[in-house]
Amino acid sequence: MPVSNGFLPKPRRQRFAGARRADARGVSLIEVLVAVVVLSIGLLGVAAMQSIALRGGQSSFESSQAVIQTSAILEAMRANRLNANAYNTAGMVCATPAAGGTLAQRDISSWIGSLKQTIGSGAADETTCGQITGCPAACVITVQWDDRRAGGGQNRQIATRTTI
């Protein structure tokens, strides 16, 4: 190396030992794949939360329908106050009874049918039941249904206590 003016030539700057500048542009395929995996896991979490929210909404809907149906039979009993004791059932009524000759029998038949249509899966549903006891002095109206579809336990009950 020739020496000029008594100085040594400047050493060249060494580049990064990896890829050249032209090769280092953009995003590598591995980085894209990692981003896609992270995004996919996040979207699966959102989908799981949505599923849980839908099941909770179904359970709330069924509970609301049970309360509405309980209010409906209570109002029918209040309209037929003189025969309120005729609304008492011997136990849980899970099959829609035949509409009898009295107003109370027709009301109970209609009530059980409505329970099966709004909470259950239709007229053939054997898991949606209703019970009325203690009327007219201390009425207890119990509605029972299968809550597995909404993510709950097998049987769920709501009981309402009132006087006529």
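This report describes the helix packing, the salt bridge and the disulfides of a predicted model.

## Basis of the model

The model is predicted, with local features requiring pLDDT of at least 70 and side-chain atom pairs counted only at pLDDT 80 or more, while totals for chains, interfaces and linings use all residues. Residues are numbered from 1 along each chain as its sequence is written, and side-chain values use heavy atoms, leaving out hydrogens and water.

## Packing of helix 1 and helix 2

Helix 1 spans residues 29-79 and helix 2 spans residues 103-118. Helices (H or I, at least four residues) and strands (E, at least two) are DSSP runs, numbered from the N terminus. The two helices pack at an angle of about 170°, and their axes lie 10 Å apart; helix 1 is therefore roughly antiparallel to helix 2. Axes here are lines fitted to C-alpha atoms, for helices over the stretch in contact, with angles running from 0 to 180 degrees between N-to-C directions. Angles over 145 degrees count as roughly antiparallel, under 35 as roughly parallel, 65 to 115 as roughly perpendicular and the rest as oblique.

On the helix 1 side, the contact (heavy atoms within 4.5 Å) is made by Phe61, Gln65, Gln69, Thr70, Ile73 and Ala76. Helix 2 contributes Asp107, Ile108, Trp111, Ser114, Leu115 and Thr118. These residues divide into six nonpolar, five polar and one charged. In this grouping, Ala, Val, Leu, Ile, Met, Phe, Trp, Tyr, Cys and Pro are nonpolar, Asp, Glu, Lys and Arg are charged, and the others, Gly among them, are polar.

## The salt bridge

The structure holds one salt bridge, defined as a side-chain nitrogen of Lys or Arg within 4 Å of a carboxyl oxygen of Asp or Glu. Its partners are arginine 78 and glutamate 75, at an N to O distance of 3.2 Å. Because these residues lie three apart in helix 1, about one helical turn separates them.

Arginine 78 is partly exposed at 28% relative accessibility, as is glutamate 75 at 47%. Buried means under 20% relative accessible area, exposed over 50%, and partly exposed in between (1.4 Å probe, protein chains only).

## The disulfides

Two disulfides are present, each a pair of cysteine sulfur atoms within 2.5 Å. Cysteine 94 and cysteine 129 have sulfur atoms 1.9 Å apart, and their link is right-handed, with 100° about the S-S bond. This pair joins distant parts of the chain, 35 residues apart: cysteine 94 is in the loop between helix 1 and helix 2, and cysteine 129 is in strand 1 (residues 129-133). Cysteine 94 is partly exposed at 23%, whereas cysteine 129 is buried at 1%.

In the disulfide of cysteine 135 and cysteine 139, the sulfur atoms are 2.0 Å apart, and both residues are buried.
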